[in-house]
Amino acid sequence: MSTFDVVNMCLRNMFKRKLRTFLTILGVMVGTAAIVLMISLGLATEEHHRRQMEDAEQDMTMIDVWMPWVEGTIWNPDGTREFPEGTPVLNDDMIDAFERIPGVQLASPRVRGSLFFRSGQYHLEAWDVTGVRASVMQYMGLELTEGRTLMPGDEFAVVFGAYAEHGFMESGTDWWDSRQSQWHIPPAELPTLVDVMRAPMRVAFDRRFIQGTTDEPQPLAGGIRPIRSYDVEVVGLLAPRDWSTDRTIFMDVELLLQLNMERIRAENEIQDEWQWLFTPIRSRPPETFENAMVRVTDMRYTARVAKEIEEMGFQANYPGMLLNMLVEGQRQQQQLLAAIGAISLVIAAIGIANTMIMAVYERTREIGIMKVIGAAISDIRRLFLLESAMIGFFGGLFGVGLSLLGSYIMNNFDVPFLQPPPMPEWMGVTEVMEPSLVTPWLCGAALLFAGIIGLVSGYFPARRATKLSALAAIRSE
Amino acid sequence: MLEAIFDLRNVRKVYRMGEERIVALEDISIRFEKGKIYCLLGTSGSGKSTLLNMLAGLEKPTKGSIIFMGKPLEKLNEKQLALYRQRYVGFVFQSYNLLPTLTALENVTLPLTFRKVKRRERIKRARVMLKAVGLGNRARHKPSELSGGQQQRVSIARAFINNPQVVFADEPTGNLDTKTTFEMMDLIIGIARERQQTLVIVTHDTEIAQYADQVINIRDGSIESITERKAITSRSEMESENVIDGGNNNEETGV
C-alpha cells in the first residue's frame with residue numbers, strides 16, 4: 001500500500017468511530033496541554049533568570065573561590081599555613097586543576113595586598129592591590145582605555161583600574177581634601193592629578209614611604225630599617241566598569257607575594273637595617289592561597305562549575321548565586337507540577353492503547369479480509385501504527401493550541417496561585433515577569449512527543465493485528 | 001493435458017483439538033489444470049473448505065506438498081504468502097466480506113491498492129469491473145447500502161480485478177436466494193471462462209456443481225470420486241437438462 005492509501009484508510013477508520021476517536025484525542029490533548037503549561041512555567045522562570053543575568057552589571061562568568069576555614073590549621077610566622085592531613089588546599093596545582101574543569105576559561109590565584117605609591121609630590125595609599133597570574137590577565141574580559149594588560153615577563157608592572165588614580169593626593173595635605181573623599185561627585189567628573197601611564201612612579205610596602213615629602217630611601221635613626229622602594233611601570237589603564245575593578249590596581253601575583261614576603265620578613269626576622277637593605281628579594285615559599293578566581297567561557301556554566309569546585313572542598317561564590325538559589329527552589333516546585341502533567345500524559349497514552357486494542361478486536365474480521373485479498377503484514381501494521389500516531393499527533397496539536405490559550409490567560413489575567421514569588425527588590429529586579437512562556441521549541445517537542453506516545457501505545461495493538469490468523473479472523477463474526 | 005496450476009501430492013491435514021486429533025484430509029493427491037473450472041463438492045465437515053484454504057495459502061498441510069506453478073506453497077513464509085495471494089489469487093466468500101468503511105468502488109480497488117497500483121489506473125480498472133458485474137451505477141455506495149446480491153457482485157469484481165491465475169469461491173451463493181444464486185453463478189462462470197481463469201468452487205449444492213468441468217467429491221477427508229463432465233455455462237442450459245457425463249472439453253458455448 002502506498003502511504004497515501006494508508007493515510008486515507010486511517011482517516012476513514014477514525015471517522016467511522018468519531019466519538020471514540022474524539023475522546024481519545026481529547027485525552028491526549030488534555031495531557032499535552034497540562035505538561036506544556038507546566039513546562040512553560042519553568043521556561044518563563046528560566047528565561048527571566050537568564051535575562052536578569054544578562055542585564056546584570058557584574059561579570060556573571062566570574063567565580064570567587066575561597067579556602068574554607070579548616071579546624072586545626074597552624075599558622076607559621078612567615079605567613080604560610082599547615083593544614084591537617086588530607087585537606088584540599090588552594091595552591092597552584094589546585095588552581096591548575098580548576099582550569100581543567102570543562103567550561104573554565106581561566107583560573108588564577110587572587111592575592112590582595114596594600115602598597116604605597118609615589119609620583120612626584122603625590123602619593124597613593126592603595127588598599128586594593130590585586131595579584132593575579134600575569135599570563136591570564138588578558139583573558140579576564142577587562143576592557144582597557146590605554147595600554148595593555150599584564151604579560152608574563154613584566155617586571156614591576158601594574159595595571160590601574162579606571163579610578164584607581166583618584167587615590168593620589170598631594171603629600172602633606174589632608175585626606176578630607178583629597179578626591180577619594182568626594183563621594184558626591186561622579187568619579188568620571190573628578191580631575192586627574194597624575195598621568196599614571198607616563199609619570200614616573202615608585203612603589204613600596206612601607207607606610208613611611210608616603211609620610212615624607214620625597215621618595216628617596218631614608219635610613220631612619222634608632223636602628224629601624226630603611227624604606228626600600230622600587231620603580232614601577234603602569235602598563236595599562238582599565239575602562240570604567242564596576243566596583244570590582246574600578247579602584248583596583250592589578251599586579252602579577254608572584255610579585256605581590258614577594259613584596260608581602262618582604263614585609264613579613266622585615267617585620268619578623270631582620271633586625272639589622274643594613275642586612276635588610278642588601279638582602280635580595282628571594283622567591284616566595286610554596287604558598288596556600290586564600291582566594292582564587294575562576295572564569296567560565298559562558299555564564300550558563302557558572303553555577304555548574306561553582307558546584308564542582310564546592311565539591312572539591314572550597315567555597316565558590318558567584319554574582320548570581322542568591323538568584324540561582326531562589327530559582328532552584330522554584331525549579332523544584334515546577335518539576336513537581338511537570339510530574340503531574342506527565343501523569344496525565346501517561347493516562348492519555350493508556351487511553352490510546354485501549355482505543356487501539358478495541359479497534360483491533362472490532363476490526364478482526366476486516367484484518368482477515370485484507371490479509372486474504374493480499375495485504376502484506378507491513379500494510380496491516382502501518383494501518384494501526386499510523387492511526388495511533390495520528391491520534392497522538394492530533395491530540396498533541398490541539399493540546400498545544402489549548403496550552404497557548406492557557407498561557408495567554410495566565411499572562412494576561414491574574415491567576416493568583418500561578419504567580420511566581422516576587423523577587424526581592426535588592427536583587428535589582430524591576431521587570432514584571434510573565435508566569436508562562438511557550439516557545440516554538442516547546443510546541444514542536446510536544447507535538448513530536450505526543451506523536452511518539454501514539455506510536456508507542458499503538459505498537460502492541462498493531463502487533464496483535466499482524467499476528468491474527470487470516471483464517472480465524474475471517475471466520476469471526 | 002493442460003498445464004498444471006496446482007499439484008497436490010499426498011496432502012494430509014490433521015487438526016489437534018486438545019487431546020483429540022481430527023483428520024481433516026487424508027492423503028490427497030490431485031492435479032488442477034489451468035483454465036478449468038473445478039468444484040469441490042461435499043457435505044459440511046467433509047474437508048472441502050480445508051482443502052480450499054490450503055490452496056489459498058491460508059493453512060499449511062500437516063504432510064505432503066502443494067505445488068503452485070512449480071513452487072511448493074507450504075515452504076513460503078507469511079510475507080511470501082501475502083505476495084502470492086496478492087498476485088495470483090482472487091477470493092469470493094459466502095459472506096461477501098467487503099470492508100464496511102469503503103465504497104463499492106474502493107472495495108473493488110483494494111487488491112490493486114495492496115499491489116501499489118496507481119490510483120487513477122486502479123479506479124479505471126475497477127469501474128470496468130463494476131460495469132462487468134452490472135453495478136456501474138453503484139460505485140459510490142457503501143456495502144450497507146447494497147443488497148446481498150449486489151454485495152456479492154462487488155466481491156466478484158474484487159476477486160477478478162487483479163486478473164488472478166486462480167479464483168476461489170467458498171460457498172459463493174450460500175447466503176443468496178435461488179434466483180440470485182444462478183445469476184451469480186452465471187456471472188462468475190462467464191468471467192472466468194472469458195478470461196480463461198482457473199476457478200475453484202466449494203459447495204455442497206449439486207446444482208452448482210453442474211457449472212464445473214470437473215467435480216471432485218470429497219467425503220470424510222478423502223476424494224471419493226472425480227467426475228469429468230461437460231460443463232454448463234448458464235442456468236438456461238441447465239434447464240434444458242443438456243448434461244453429458246464423461247466429456248472432456250471446455251468449449252465455449254454461447255449463452
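1. A residue counts as buried if 20 or more other C-beta atoms lie within 10 Å of its own, as exposed if 12 or fewer do, and as partly exposed in between, with C-beta atoms placed from the backbone. Helices (H or I, at least four residues) and strands (E, at least two) are DSSP runs, numbered from the N terminus. With that in hand, look at strand β8 of chain B, residues 198–203: 6 of its 6 residues are buried.

2. A word on what you are looking at. This is a predicted model, in which local features need pLDDT of at least 70 and side-chain atom pairs count only at pLDDT 80 or more, while totals for chains, interfaces and linings use all residues. Residues are numbered from 1 along each chain as its sequence is written, and chains are lettered from A and ligands numbered from 1 in the order in which they are written.

3. Back to β8(B). On one side sit Thr198(B), Val200(B) and Val202(B) and on the other Leu199(B), Ile201(B) and Thr203(B), so to speak a strand covered on both faces, by the definition of buried.

4. Follow the chain from β7(B) through helix α6(B), residues 178–195, to β8(B), and you trace a right-handed β-α-β unit. Right-handed here means that, with the strands pointing away from the viewer, the path from the first strand over the helix to the second runs clockwise.

5. Now try helix α6 of chain A, residues 302–311. Thr302(A), Ala303(A), Val305(A), Ala306(A) and Ile309(A) are buried there. Seen down the axis of α6(A), these buried residues fall within an arc of 165°, so they line one face of the helix; the arc is that of the directions from the helix axis to the C-beta atoms. On the other side, Lys307(A) and Glu311(A) are exposed.

6. What do the buried residues of α6(A) pack against? Their partners in chain A include β1 (62–66), α3 (92–99) and α7 (321–362); a contact needs C-beta atoms, placed from the backbone, within 7 Å. Just after α6(A), Gly313(A) takes a positive phi of about 110°.

Technical notes. Contact = placed C-beta atoms within 7 Å.
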